[in-house]
Amino acid sequence: MFTKPHSSSKPPIVRNPRACTVCRAAKMKCVGAEDGLKSCQRCKRTGVDCVFEKHRRGRKPGSKLSEASKMLRRLEKGLNTAKLKQTDSSLSTVFPADPRTPQAENTQFGGLQSSDAYGSVDGYAASSVSSRTVDPEEEEDGERSDEKFPAKLIRRENSFFRTILNPEHKSPMLHVPRDPYLPQSLRPAPLPNGYNDPITAGLINENKAKILFDAIFLRLNPFINLFDPALHSVAYVRSKCPLLFTTLIMAGCKFFEPSLYKECLRLANELAVRAFAEGWKRVEVIQAYSCLTYWREQEDNRTWMYIGYACRMAVELGLNRYHAKPPAHETEFQLRERRNRERTYLVLFVHDRSLSMQTGRHWMLPEDDFIRHSETWHEQGGSPIRCEDVIVSAFAQLRRIATEATDMFHTNRSLSDGGNSQVNIDMVLKNCNGKLALWTTTWDHEMRKANGESFHFSFINFFCLYSSLFLNSFGVQSSVPPANRTNSHVRALSACFENALNVLGIASKDFREFGVLRYGQETTSVMTAYSAIFLLKVINTLPLNLSKVDASTLVTPQL
């Protein structure tokens, strides 16, 4: 609505931009600029250039509006004054913007002094309104939009009141893409008061951190396949999340700087507690909680809790959103960040299903559209194909095969206690072993296309052999009815024996020759131990005249 002038004698009002770029980004009133001829009061205080730009109406092509933005477009201009004002400290952001933008000069790392400022930006704080603002590329219909879900219906209806009475405070720099090849554009994320990372604690310097990161990517990452060396530099990780940075340094120190390990472990645990208490929500927090379980201490029993929390956060942040086609005009840096989110969810899915196999507890992450389309995910990252991404895609399919079979076996176990039917174990195992054989052929071919090294082939074979051992063990367990213990029982026992021997062979020979045996994550240790225990149990239950196996057929682990 426009206001009609009271008198025609008055000159027409020429509207200049209502705010400079700094005040506009901060969503604050611009005072003292006088038609853009002088610097406003805020720019004078902060010592930055006061720049006025013509406001570009509308949205950038391909961008999506949040619910709050949609509502704001429907409001009268007079309602804008009802929005809560941010403090001047909101000008400082955790993650600096591209220095080519005018507001980049306003970013000061030292500008955030209190934990309130730390918690109010970039998704670290507990989100009392909505945690959906953390994902910078979340689409307006990223989740199921039907209103039969009470929480979604309430959130949709309350968007008007949330916008007016309790608007979401976003960092103005949060969604600005950065050039990953400009180290000066990345500054460390501020730490909460009283907390340190290994650098601020004086344990290491930045050069030492880079050396540890190189060692992590060379020795540790091949076992977890979670990080992209082209993206996760020291500057990038430290600018994103102090918890992830500290956790990675802790993992590196465990193997390469043992004298610093205990202190780094203490720092990582302190930040992990703080992150949980304040509800930090971002992909790097998920990665940090996962890394806290990979090389944990023997007495640490928080794996199930950490992975469960990470799974919930991953779904809440929409990391499992399936993109049939990549976003239009996506830069290489945006591609790497998107695949970083997708990779994190796939690795978490594999870890979740692995824990389910190891503990017998139910898995937490469902097999959704993204998982069902993950068979070709490794091909969607450009050329050349990363061997680590081949492993991630392969393991997701392997866990799908294993889950399908174990669900049938568990159903069979429950039906044996009074059900009307029994699952044909022989048919289930035959089908499962056929899928595992096809999996081996398929992913051996895919790894060759990616020019994989010997370690990569041994690694995927190691996991496939263990899965075959675990699944075929259902055919030799005592719960199998005696009437079914015929040829299928013998075949399952033979497969288990052979697979267990081969698992121990890879662990004791291949991994040892590659010099990586000691760097394996906890899962590889569990697989190796299970294979050894299974062989011992089989040998101990054999008749005396059959237990004298030729020593040349056995593999003695050289750990």
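A salt bridge here is a side-chain nitrogen of Lys or Arg within 4 Å of a carboxyl oxygen of Asp or Glu.

First, the ground rules. This is a predicted model, where local features need pLDDT of at least 70, side-chain atom pairs count only at pLDDT 80 or more, and totals for chains, interfaces and linings use all residues. Residues are numbered from 1 along each chain as its sequence is written, and side-chain values use heavy atoms, with hydrogens and water left out.

Now the charges. Side chains of opposite charge can pair when their charged atoms come close. How many salt bridges does the whole structure hold? The search finds 26.

Take R386 and E388. Their side chains meet in a salt bridge, 3.6 Å from N to O. R386 counts as buried because its relative accessibility is 18%; buried means under 20% relative accessible area, exposed over 50%, and partly exposed in between, with a 1.4 Å probe and protein chains only.

Next, D389 and R343. This salt bridge is 3.0 Å, N to O. D389 sits in helix α15, residues 387–415, and R343 in helix α13, residues 332–359, so the pair ties together parts 46 residues apart in sequence. A word on helices: they are DSSP runs of H or I, at least four residues, numbered from the N terminus. Are D389 and R343 buried or exposed? Both are buried.

One more pair: R491 and D426. Their closest N and O atoms are 3.1 Å apart. This pair links distant parts of the chain, with R491 in helix α18, residues 487–514, and D426 in helix α16, residues 425–449, 65 residues apart. R491 is partly exposed, at 48% relative accessible area. D426 is partly exposed too, at 30%. Elsewhere, salt bridges that share partners join D228, E332, R336, R339, R343, R386, E388 and D389 into one network.

On to the nonpolar side. A nonpolar core is a set of buried Ala, Val, Leu, Ile, Met, Phe, Trp, Tyr and Cys residues joined through side-chain atoms within 4.5 Å. The largest one has 116 residues, and F213, L243, I249, F395 and W439 touch the most other members. Which helix gives the largest share of this core? That is α15, with twelve residues.

Look at L243. Setting aside residues up to four places away in sequence, L243 touches A268, L271, A272, A275, W280, V285, A288 and Y289. A second, separate core has ten residues, including A19, C30, A33 and C43.

Cysteines next. There are zero disulfides, a disulfide being a pair of cysteine sulfur atoms within 2.5 Å. C50 is buried, at 19% relative accessible area. C264 counts as buried, at 0% relative accessibility.

Last stop, S531. This serine lies in helix α19, residues 522–541. S531 is buried, with a relative accessible area of 0%. What lies 2.9 Å from a polar atom of the S531 side chain? The backbone oxygen of M527 does. Beyond neighbours within four places in sequence, S531 is in contact with Y466, L469, A500, V503 and L504, contact meaning heavy atoms within 4.5 Å.

Terms used:
Helices (H or I, at least four residues) and strands (E, at least two) are DSSP runs, numbered from the N terminus. A polar contact is a pair of N or O atoms within 3.5 Å; within protein, one must be able to donate a hydrogen and the other to accept it, and residues adjacent in sequence count only if both atoms are side-chain atoms.
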